[in-house]
Structures are given as structure tokens and as C-alpha cells.
Amino acid sequence: MNQELQILFPKSVSVTIKREDLLHPVVSGNKFRKLKYNLLQAKAENKETLLTFGGAFSNHIAAVAYAAQEQGFRSVGVVRGDELNEKTDSNPTLQFAKECGMQFEFVSREAYRHKTEAAFLEELKAKFGDFYLVPEGGTNAQAIKGCQEILTEEDAKFDYICCAVGTGGTISGIINSTLPDQKVLGFPALKGNFLQDEIRIFAKNDNWELINDYHFGGYAKINEGLVHFINQFYKDTKIPLDPVYTGKMVFGVLDLIQKDFFPAHSNILLIHTGGLQGVFGMNERLKNKQLPTITIDV
């Protein structure tokens, strides 16, 4: 569903949000798109277990756990940070995944760096049996196929398509389904320029650019300014934003509009990639730091 913002922007710029967060009550946004064909492939290969990787507040871990339960798979989550083994019940994301039946393998940050290596994967197979591997963040060829379905024919009217970037899968699918005269802008949630190469693996077109100025210090890092923006945006529009991905992207786009980045009369589409379950975990961290919390209904 596309929802145009009823906000008067400079230079007659118009902004619409594609509400991918409404696709599914739990597995929403790009997680739904990325898992769609991976689940079909796992069934085609007669796999009984899904195994994936993620951090303490990973939307991906929560989505895989729920989707596996819903589709009749066992699920295993390899979680970065062995200290979390004793904190599962106090972590909203991990607690939810556990309630969905996910089995955890907590590993040190050093061991986690080897997650793509054959020897590490063989160790996991020896412990958990045969499994269908869903990469961290869900990005693979099956995920790109799903993300290519985000845009529809009605989106041909937009000049710019904007989305948050984590592992590069979502933006790659969007790039592949755009028209030549459309420009895709990606807003990385992580510091560094390594995502350029990741996106080029899957993206077939060159009509894209990464905007690296709105990561707020890096992955899962936010400040009081972003919290205030998310709360005010919800108050003004009734659209909830997550603090890790979409919140930063929307902040960035609206800031660029004020800085005259976009030509007059630009028609801009923002992709809401879901991830709202992450608000609960982020609020726990904000409370511990005695900072303001995100006050949206999710």
C-alpha cells in the first residue's frame, strides 16, 4: 500500500511511503520478501531445519523463527555474542524467537566472523544435522527475487526510490525492477563503503547511489535527535518507523529535501522495510542509558 505524506514540502516535492510494514503482522517488510522464495526452496529441497545468523536485536532472527514455526520447519539461530546465553529472557527479540521454537547457538564475536566458512558450517551440521542455510540478513539470489516484487506498475510514476540498506539485498531487488529514468537512493545503516561491492553482485542496473551520511554512528546506534524525529513523525503521520533502518532513511530523505538535494516537483517513494519488532529491544537499551524512548504503537 502506498501512502502519500500530507506534508507541504519545498519546491513542490511530493513524498509517498510504500507500507511494506503492513504485509504481515510479524514477518513484515523486506523480511517477508526475502524469505518468500527461500522457504519455497527449502521445501523443494526437503529440508526440515532453517539455520541463520544474527545479532541480539536482529529483525531477521525474529522473522526466521516465526516463519519457520508457521511453515513447519525447525529453526536454529546462530547469535553473535556468547554473553547473551544468560540474557535470552531479558531480550525481547531473542525471547520472541525462543517462543517460536528457535534453538540458539551463541558464539563469540571472533567465531561469528567465520560464519560463511565451510569448516564452521560443517561444525554446525555436525551439531544440528542437515539444514537449509539462510544467510545473515537473508540476502541471496532467492531473496533478491522476492525483493524484485516490492515495486509494482503503479510505482513507475516516481522519480526517486529510497530505502534503507543493511546487507544490500533489498536495494538490489529494487534496482533490478526500476525503470531506466528512475534513481534509487540507498541509506546504509552501517558505517563504511563496503556495501557498494555487495550490491554490485546482485544489481543489474547502474541507476543507484548510496547516501552515507545518515547512519547515526553505525548499526543499531541512535541518539535523542533520531528518537525525537521518530516520535514526532508518528504523531504527525501515524506511521511508525523503526530506529535501525527506516527511521534513519526517512530522516535522511526529509533532511535532503530541506537541503535542496532533489529537483523541483520530484516525486519520491520511500520503502518502509518493517522491522518494528526492534523497537522493543531498542527501548530497553534507551531506558538503561536513561534516554527518551520511542513512543509508537506497534
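Predicted model: local features only at pLDDT ≥ 70, side-chain atom pairs only at ≥ 80, totals over all residues.
## Helix packing and nonpolar cores

On the side of helix 1 the contact is made by Lys-31, Leu-35, Leu-39 and Lys-43, and on the side of helix 2 by Asn-59, His-60, Ala-63, Val-64, Ala-67 and Gln-71. Sorted by class, the residues of this contact are five nonpolar, three polar and two charged.

Helix 2 (residues 59-71) also packs with helix 3 (residues 92-99), their axes coming within 8 Å and crossing at roughly 15°. Since angles under 35 degrees count as roughly parallel, helix 2 and helix 3 are therefore described as roughly parallel to each other. Here Ile-61, Ala-62, Ala-65, Tyr-66 and Gln-69 of helix 2 meet Thr-93, Leu-94, Phe-96, Ala-97 and Glu-99 of helix 3, a set that divides into seven nonpolar, two polar and one charged.

The table sets out the two pairs.

| Helix pair | Axes come within | Crossing angle | Handedness |
|---|---|---|---|
| Helix 2 and helix 3 | 8 Å | roughly 15° | left-handed |

The largest nonpolar core has 39 residues, of which Phe-187, Phe-233, Val-253, Ile-257, Ile-268 and Leu-270 touch the most other members. Two or more residues are given to this core by each of strand 2 (14-19), strand 7 (160-165), strand 8 (183-188), helix 9 (224-237), helix 10 (246-258), strand 10 (267-272) and helix 11 (278-288). Leaving aside residues up to four places away in sequence, Phe-233 touches Leu-5, Ile-17, Lys-238, Ile-239, Leu-241, Val-250 and Leu-254.

Helix 7 (residues 169-176) is mostly covered, eight of its eight residues being buried. These buried residues are Gly-169, Thr-170, Ile-171, Ser-172, Gly-173, Ile-174, Ile-175 and Asn-176.

Definitions and conventions
Residues numbered from 1 in each chain as written. Heavy atoms only, no water. Buried < 20%, exposed > 50% of the residue type's maximum accessible area, 1.4 Å probe, protein only. Helix = DSSP H or I, 4+ residues; strand = E, 2+ residues; numbered from the N terminus. Core = buried A, V, L, I, M, F, W, Y, C linked by side-chain atoms within 4.5 Å. Contact = heavy atoms within 4.5 Å. Axes fitted to C-alpha atoms, helices over the stretch in contact; angles between N-to-C directions. Parallel < 35°, antiparallel > 145°, perpendicular 65-115°, else oblique. Left-handed = near helix turned anticlockwise from the far one by under 90°. Nonpolar A, V, L, I, M, F, W, Y, C, P; charged D, E, K, R; others polar.
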